[in-house]
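Work through the exercises below with the sequence and the 3D view open. Try each task before you read its solution.

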Amino acid sequence: MKSFKHTEVNWGVLGAGDVCEKKSAPAMQKIKGSRLVAVMRRNGEKAADYARRHGVSKWYDDADDLINDPEVNAIYIATPPHAHMELTIKAATAGKPVYVEKPMARNFEECKQMIAACEQASLPLYVAYYRRSLPNFLKVKSLLDEGAIGKPRYVTIMMNQPRHPDVKASLKENWRIDPEKAGGGYFYDLGSHQLDLLDFLLGPIADVCGVASNQAGEYPAEDIVLGNFSFSSGVLGAGNWCFTTGEPSRKDEIKIIGAEGEISFPCFWGTDVTLRKNGKGEQVFAFEMPENIQFFLIKSIVDELLGKEAICPSTGESAARTNRVMEEMIGKYK
(Lines give C-alpha, C1' and ligand atoms only; values in the text may rest on other atoms or scores of the structure.)
Protein backbone atom coordinates (compact mmCIF):
# COMPACT_ATOMS: atom_id res chain seq x y z
CA MET A 1 0.00 0.00 0.00
CA LYS A 2 1.07 3.58 -0.64
CA SER A 3 2.19 5.47 2.41
CA PHE A 4 -0.22 8.18 3.52
CA LYS A 5 1.71 11.36 2.78
CA HIS A 6 -0.26 13.67 5.03
CA THR A 7 0.10 14.69 8.66
CA GLU A 8 -3.67 14.84 9.18
CA VAL A 9 -6.61 12.78 7.94
CA ASN A 10 -9.09 15.17 6.33
CA TRP A 11 -12.34 13.28 5.94
CA GLY A 12 -15.00 13.76 3.31
CA VAL A 13 -18.32 12.00 3.95
CA LEU A 14 -20.56 10.72 1.16
CA GLY A 15 -24.12 10.29 2.41
CA ALA A 16 -24.25 12.28 5.66
CA GLY A 17 -27.47 10.71 6.92
CA ASP A 18 -28.63 9.17 10.19
CA VAL A 19 -25.51 7.07 10.85
CA CYS A 20 -23.44 10.27 10.74
CA GLU A 21 -25.45 12.12 13.35
CA LYS A 22 -23.84 10.39 16.33
CA LYS A 23 -22.41 6.94 15.55
CA SER A 24 -19.57 7.81 13.20
CA ALA A 25 -18.74 11.20 11.69
CA PRO A 26 -18.65 13.24 14.95
CA ALA A 27 -15.80 10.97 16.12
CA MET A 28 -13.72 12.25 13.21
CA GLN A 29 -13.71 15.66 14.91
CA LYS A 30 -12.51 14.24 18.26
CA ILE A 31 -9.56 12.08 17.24
CA LYS A 32 -6.08 13.56 17.21
CA GLY A 33 -4.84 13.96 13.65
CA SER A 34 -8.35 13.80 12.20
CA ARG A 35 -10.77 16.40 10.82
CA LEU A 36 -14.13 16.27 9.07
CA VAL A 37 -13.81 18.86 6.32
CA ALA A 38 -16.64 18.14 3.88
CA VAL A 39 -19.99 16.32 3.67
CA MET A 40 -22.22 15.40 0.78
CA ARG A 41 -25.88 14.49 0.30
CA ARG A 42 -27.88 14.48 -2.90
CA ASN A 43 -30.26 16.88 -1.19
CA GLY A 44 -28.18 20.04 -0.92
CA GLU A 45 -30.40 21.58 1.77
CA LYS A 46 -29.87 18.55 4.02
CA ALA A 47 -26.14 18.58 3.34
CA ALA A 48 -25.94 22.26 4.24
CA ASP A 49 -28.01 21.66 7.38
CA TYR A 50 -25.72 18.83 8.51
CA ALA A 51 -22.63 20.95 7.88
CA ARG A 52 -24.06 23.86 9.85
CA ARG A 53 -25.12 21.75 12.84
CA HIS A 54 -21.85 19.82 13.04
CA GLY A 55 -19.42 22.62 12.32
CA VAL A 56 -18.23 21.28 8.94
CA SER A 57 -16.82 23.95 6.65
CA LYS A 58 -17.92 22.55 3.27
CA TRP A 59 -20.88 20.67 1.84
CA TYR A 60 -21.74 19.25 -1.58
CA ASP A 61 -24.71 17.72 -3.38
CA ASP A 62 -22.54 15.86 -5.89
CA ALA A 63 -20.30 12.93 -4.92
CA ASP A 64 -17.69 13.66 -7.59
CA ASP A 65 -17.19 17.18 -6.30
CA LEU A 66 -16.44 15.95 -2.79
CA ILE A 67 -14.20 13.11 -3.96
CA ASN A 68 -12.16 15.53 -6.04
CA ASP A 69 -11.90 18.21 -3.36
CA PRO A 70 -8.11 18.63 -2.92
CA GLU A 71 -8.49 19.23 0.83
CA VAL A 72 -10.18 15.85 1.32
CA ASN A 73 -7.64 13.02 1.60
CA ALA A 74 -9.83 10.17 2.93
CA ILE A 75 -13.38 9.17 2.02
CA TYR A 76 -16.10 7.77 4.30
CA ILE A 77 -18.96 6.21 2.34
CA ALA A 78 -22.13 6.24 4.47
CA THR A 79 -24.69 5.68 1.71
CA PRO A 80 -26.94 2.61 1.36
CA PRO A 81 -25.00 -0.42 0.02
CA HIS A 82 -26.11 -0.14 -3.61
CA ALA A 83 -23.78 2.86 -4.04
CA HIS A 84 -20.77 1.44 -2.18
CA MET A 85 -19.00 -0.18 -5.11
CA GLU A 86 -19.32 2.74 -7.53
CA LEU A 87 -18.20 5.30 -4.94
CA THR A 88 -15.33 3.14 -3.69
CA ILE A 89 -13.99 2.78 -7.22
CA LYS A 90 -14.27 6.53 -7.76
CA ALA A 91 -12.48 7.30 -4.50
CA ALA A 92 -9.72 4.79 -5.24
CA THR A 93 -9.29 6.23 -8.72
CA ALA A 94 -8.86 9.64 -7.08
CA GLY A 95 -6.12 8.17 -4.87
CA LYS A 96 -7.96 8.40 -1.56
CA PRO A 97 -8.29 5.70 1.15
CA VAL A 98 -11.83 4.46 1.72
CA TYR A 99 -13.86 3.73 4.84
CA VAL A 100 -17.23 2.23 3.89
CA GLU A 101 -20.33 1.40 5.89
CA LYS A 102 -21.53 -2.14 6.46
CA PRO A 103 -22.62 -4.36 4.90
CA MET A 104 -19.70 -3.74 2.57
CA ALA A 105 -21.82 -4.14 -0.56
CA ARG A 106 -24.95 -5.84 -1.86
CA ASN A 107 -23.10 -9.02 -2.77
CA PHE A 108 -19.73 -10.73 -2.71
CA GLU A 109 -19.01 -9.91 -6.35
CA GLU A 110 -19.28 -6.19 -5.65
CA CYS A 111 -16.99 -6.65 -2.64
CA LYS A 112 -14.35 -8.25 -4.85
CA GLN A 113 -14.49 -5.35 -7.30
CA MET A 114 -14.07 -2.85 -4.45
CA ILE A 115 -11.06 -4.75 -3.13
CA ALA A 116 -9.55 -4.94 -6.62
CA ALA A 117 -9.96 -1.20 -7.21
CA CYS A 118 -8.21 -0.34 -3.95
CA GLU A 119 -5.47 -2.89 -4.49
CA GLN A 120 -4.85 -1.53 -8.00
CA ALA A 121 -4.51 1.96 -6.52
CA SER A 122 -2.37 0.61 -3.62
CA LEU A 123 -4.86 2.06 -1.14
CA PRO A 124 -6.36 0.61 2.06
CA LEU A 125 -10.05 -0.27 2.26
CA TYR A 126 -11.74 -0.26 5.68
CA VAL A 127 -15.27 -1.33 6.61
CA ALA A 128 -17.43 -0.14 9.54
CA TYR A 129 -17.66 -3.37 11.51
CA TYR A 130 -16.87 -1.38 14.64
CA ARG A 131 -17.70 -4.16 17.09
CA ARG A 132 -14.23 -5.52 16.42
CA SER A 133 -12.85 -2.61 18.47
CA LEU A 134 -15.42 -2.25 21.28
CA PRO A 135 -14.31 -3.17 24.82
CA ASN A 136 -17.00 -5.78 25.54
CA PHE A 137 -16.16 -7.80 22.44
CA LEU A 138 -12.43 -7.39 23.01
CA LYS A 139 -13.08 -8.92 26.44
CA VAL A 140 -14.75 -11.91 24.78
CA LYS A 141 -11.72 -12.31 22.52
CA SER A 142 -9.31 -12.11 25.46
CA LEU A 143 -11.31 -14.76 27.36
CA LEU A 144 -11.14 -17.05 24.33
CA ASP A 145 -7.44 -16.39 23.75
CA GLU A 146 -6.56 -17.14 27.37
CA GLY A 147 -8.53 -20.38 27.31
CA ALA A 148 -11.14 -19.33 29.87
CA ILE A 149 -13.67 -21.87 28.55
CA GLY A 150 -11.19 -24.39 27.20
CA LYS A 151 -11.31 -25.34 23.56
CA PRO A 152 -14.36 -23.76 21.86
CA ARG A 153 -16.82 -26.39 20.60
CA TYR A 154 -19.66 -24.45 19.00
CA VAL A 155 -21.39 -21.08 18.89
CA THR A 156 -25.07 -20.11 18.61
CA ILE A 157 -26.70 -16.87 17.49
CA MET A 158 -30.30 -16.11 18.45
CA MET A 159 -31.85 -12.96 17.01
CA ASN A 160 -35.62 -12.56 17.43
CA GLN A 161 -37.13 -9.16 16.83
CA PRO A 162 -40.77 -8.04 16.60
CA ARG A 163 -41.96 -6.41 13.42
CA HIS A 164 -39.77 -3.35 12.99
CA PRO A 165 -41.66 -0.04 13.25
CA ASP A 166 -40.04 1.39 10.12
CA VAL A 167 -41.56 -1.40 8.02
CA LYS A 168 -44.44 1.08 7.67
CA ALA A 169 -42.17 3.35 5.65
CA SER A 170 -42.15 3.05 1.90
CA LEU A 171 -39.32 1.13 0.26
CA LYS A 172 -37.99 4.41 -1.07
CA GLU A 173 -37.53 5.63 2.52
CA ASN A 174 -36.56 2.29 4.09
CA TRP A 175 -33.72 0.92 1.99
CA ARG A 176 -32.86 -1.74 4.61
CA ILE A 177 -35.71 -3.98 3.43
CA ASP A 178 -35.13 -3.41 -0.30
CA PRO A 179 -32.74 -6.08 -1.70
CA GLU A 180 -31.99 -3.87 -4.71
CA LYS A 181 -30.46 -1.30 -2.39
CA ALA A 182 -29.31 -3.38 0.59
CA GLY A 183 -28.63 -6.84 -0.85
CA GLY A 184 -31.10 -8.34 1.62
CA GLY A 185 -33.24 -7.31 4.57
CA TYR A 186 -32.64 -6.86 8.28
CA PHE A 187 -30.52 -10.02 8.21
CA TYR A 188 -28.01 -8.14 6.06
CA ASP A 189 -28.28 -5.05 8.25
CA LEU A 190 -28.00 -6.77 11.68
CA GLY A 191 -26.85 -10.33 11.05
CA SER A 192 -23.81 -9.00 9.21
CA HIS A 193 -22.55 -7.49 12.48
CA GLN A 194 -22.90 -10.82 14.29
CA LEU A 195 -21.28 -12.93 11.59
CA ASP A 196 -18.40 -10.48 11.16
CA LEU A 197 -17.88 -10.47 14.93
CA LEU A 198 -17.61 -14.27 14.94
CA ASP A 199 -15.06 -14.03 12.13
CA PHE A 200 -13.08 -11.74 14.45
CA LEU A 201 -13.47 -13.97 17.52
CA LEU A 202 -13.14 -17.45 16.05
CA GLY A 203 -11.58 -16.98 12.62
CA PRO A 204 -13.02 -17.28 9.11
CA ILE A 205 -16.15 -19.32 8.45
CA ALA A 206 -15.33 -22.03 5.94
CA ASP A 207 -18.59 -23.85 5.15
CA VAL A 208 -22.17 -22.58 5.24
CA CYS A 209 -25.65 -23.88 4.60
CA GLY A 210 -28.97 -22.27 5.38
CA VAL A 211 -32.54 -21.54 4.47
CA ALA A 212 -34.33 -18.21 4.19
CA SER A 213 -37.95 -17.24 3.71
CA ASN A 214 -40.29 -14.27 3.58
CA GLN A 215 -43.01 -15.47 5.94
CA ALA A 216 -44.88 -12.24 6.68
CA GLY A 217 -44.79 -10.92 3.11
CA GLU A 218 -44.56 -7.28 4.20
CA TYR A 219 -41.53 -6.39 2.08
CA PRO A 220 -39.43 -8.00 -0.68
CA ALA A 221 -36.48 -9.21 1.45
CA GLU A 222 -36.22 -12.33 3.58
CA ASP A 223 -37.56 -11.92 7.12
CA ILE A 224 -36.31 -15.20 8.60
CA VAL A 225 -32.98 -17.02 8.14
CA LEU A 226 -31.71 -20.24 9.72
CA GLY A 227 -28.11 -21.25 9.15
CA ASN A 228 -25.43 -23.77 10.07
CA PHE A 229 -21.75 -23.13 9.55
CA SER A 230 -18.27 -24.31 10.44
CA PHE A 231 -15.07 -22.37 11.00
CA SER A 232 -11.67 -23.19 9.55
CA SER A 233 -10.60 -23.94 13.13
CA GLY A 234 -13.17 -26.75 13.41
CA VAL A 235 -15.62 -24.85 15.65
CA LEU A 236 -19.25 -25.32 14.58
CA GLY A 237 -22.02 -22.74 14.56
CA ALA A 238 -25.77 -22.25 14.20
CA GLY A 239 -27.83 -19.08 13.84
CA ASN A 240 -31.51 -18.16 13.90
CA TRP A 241 -32.70 -14.74 12.75
CA CYS A 242 -36.41 -13.86 12.73
CA PHE A 243 -37.70 -10.30 12.39
CA THR A 244 -41.44 -10.94 12.80
CA THR A 245 -41.75 -12.56 16.25
CA GLY A 246 -43.92 -11.53 19.17
CA GLU A 247 -42.52 -9.31 21.90
CA PRO A 248 -42.18 -12.24 24.39
CA SER A 249 -39.75 -13.91 21.97
CA ARG A 250 -37.45 -10.89 21.63
CA LYS A 251 -33.88 -12.18 21.92
CA ASP A 252 -30.35 -11.05 21.15
CA GLU A 253 -27.74 -13.53 22.32
CA ILE A 254 -24.51 -15.06 21.13
CA LYS A 255 -23.24 -18.00 23.14
CA ILE A 256 -19.86 -19.68 22.71
CA ILE A 257 -19.67 -23.13 24.28
CA GLY A 258 -16.28 -24.55 25.21
CA ALA A 259 -14.92 -27.73 26.78
CA GLU A 260 -14.78 -26.06 30.21
CA GLY A 261 -17.49 -23.40 30.17
CA GLU A 262 -19.37 -20.85 28.09
CA ILE A 263 -19.40 -17.14 27.24
CA SER A 264 -22.67 -15.37 26.43
CA PHE A 265 -23.32 -11.80 25.38
CA PRO A 266 -25.74 -9.61 23.39
CA CYS A 267 -24.67 -8.01 20.14
CA PHE A 268 -27.11 -5.07 20.15
CA TRP A 269 -29.27 -4.80 23.28
CA GLY A 270 -26.72 -4.58 26.07
CA THR A 271 -22.99 -4.68 26.72
CA ASP A 272 -22.48 -7.21 29.53
CA VAL A 273 -20.36 -10.32 28.97
CA THR A 274 -21.17 -13.41 31.07
CA LEU A 275 -18.65 -16.16 31.78
CA ARG A 276 -19.70 -19.51 33.23
CA LYS A 277 -16.83 -21.85 33.99
CA ASN A 278 -16.40 -25.27 35.57
CA GLY A 279 -16.19 -24.86 39.35
CA LYS A 280 -16.19 -21.03 39.20
CA GLY A 281 -19.85 -20.06 39.08
CA GLU A 282 -20.90 -17.04 37.01
CA GLN A 283 -18.93 -13.86 36.31
CA VAL A 284 -20.49 -10.82 34.66
CA PHE A 285 -18.28 -8.14 33.11
CA ALA A 286 -19.92 -4.73 32.55
CA PHE A 287 -18.78 -2.16 30.00
CA GLU A 288 -19.56 1.40 28.97
CA MET A 289 -19.59 2.40 25.33
CA PRO A 290 -18.07 5.54 23.78
CA GLU A 291 -20.44 8.39 22.97
CA ASN A 292 -19.75 7.81 19.26
CA ILE A 293 -19.89 4.04 18.83
CA GLN A 294 -17.43 3.96 15.91
CA PHE A 295 -14.83 6.06 17.77
CA PHE A 296 -12.33 3.27 18.46
CA LEU A 297 -12.49 1.81 14.95
CA ILE A 298 -12.10 5.23 13.31
CA LYS A 299 -9.21 5.99 15.63
CA SER A 300 -7.48 2.79 14.51
CA ILE A 301 -7.91 3.90 10.88
CA VAL A 302 -6.49 7.37 11.58
CA ASP A 303 -3.57 5.93 13.54
CA GLU A 304 -2.81 3.40 10.79
CA LEU A 305 -2.92 6.03 8.06
CA LEU A 306 -0.64 8.30 10.06
CA GLY A 307 1.90 5.52 10.55
CA LYS A 308 1.28 4.80 14.22
CA GLU A 309 1.34 1.28 15.62
CA ALA A 310 -2.44 0.72 15.53
CA ILE A 311 -3.85 -1.45 12.74
CA CYS A 312 -7.53 -1.31 11.82
CA PRO A 313 -9.09 -4.76 12.47
CA SER A 314 -11.85 -4.41 9.86
CA THR A 315 -10.75 -4.47 6.23
CA GLY A 316 -12.24 -5.10 2.83
CA GLU A 317 -10.88 -8.65 2.93
CA SER A 318 -12.51 -9.51 6.28
CA ALA A 319 -15.78 -7.75 5.45
CA ALA A 320 -16.07 -9.50 2.08
CA ARG A 321 -15.99 -12.84 3.89
CA THR A 322 -19.12 -11.78 5.78
CA ASN A 323 -20.91 -10.94 2.53
CA ARG A 324 -20.01 -14.35 1.14
CA VAL A 325 -21.29 -16.12 4.26
CA MET A 326 -24.62 -14.25 4.15
CA GLU A 327 -25.07 -15.05 0.45
CA GLU A 328 -24.41 -18.72 1.05
CA MET A 329 -26.79 -18.77 3.99
CA ILE A 330 -29.73 -17.35 2.03
CA GLY A 331 -28.92 -19.32 -1.11
CA LYS A 332 -27.74 -16.48 -3.37
CA TYR A 333 -24.04 -17.33 -3.58
CA LYS A 334 -22.86 -18.61 -6.97
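**Exercise 1: a covered helix**

Helix H8 (residues 295-305) is mostly covered, with 8 of its 11 residues buried. Buried means under 20% relative accessible area, exposed over 50%, partly exposed in between (1.4 Å probe, protein chains only). Helices (H or I, at least four residues) and strands (E, at least two) are DSSP runs, numbered from the N terminus. The model is predicted: local features need pLDDT of at least 70, side-chain atom pairs count only at pLDDT 80 or more, and totals for chains, interfaces and linings use all residues. Residues are numbered from 1 along each chain as its sequence is written, and side-chain values use heavy atoms, leaving out hydrogens and water.

*Task.* List the buried residues of H8, then find the strands they pack against.

*Solution.* Step one: the buried residues are Phe295, Leu297, Ile298, Ser300, Ile301, Val302, Asp303 and Leu305. Step two: they pack against strands S1 (9-14), S2 (34-40), S5 (98-100) and S6 (125-127). Contact means heavy atoms within 4.5 Å.

**Exercise 2: two packed helices**

*Task.* Describe how H5 and H7 pack: at what angle, and how far apart are their axes?

*Solution.* Start with the rule. Two packed helices are described by the angle between their axes and the distance between the axes. Now apply it. H5 and H7 pack at about 35°, and their axes are 9 Å apart. Axes are lines fitted to C-alpha atoms, for helices over the stretch in contact, and angles run from 0 to 180 degrees between N-to-C directions.

Next, name the residues. H5 brings Phe137, Leu138, Val140, Lys141 and Leu144 to the contact, and H7 brings Leu197, Phe200, Leu201 and Leu202. Sort them by class: 8 are nonpolar, none polar and 1 charged. Ala, Val, Leu, Ile, Met, Phe, Trp, Tyr, Cys and Pro count as nonpolar, Asp, Glu, Lys and Arg as charged, and the others, Gly among them, as polar.

**Exercise 3: one leucine**

*Task.* Why does Leu201 count as buried? Which residues does Leu201 touch?

*Solution.* Second, check its accessibility. Leu201 counts as buried because its relative accessibility is 6%. Third, list its partners, leaving aside neighbours within four places in sequence. Leu201 is in contact with Phe137, Val140, Lys141, Leu144, Ile256 and Phe265. Finally, take a distance. The C-alpha atoms of Leu201 and Asp272 are 16 Å apart, with the two residues 71 residues apart along the chain.
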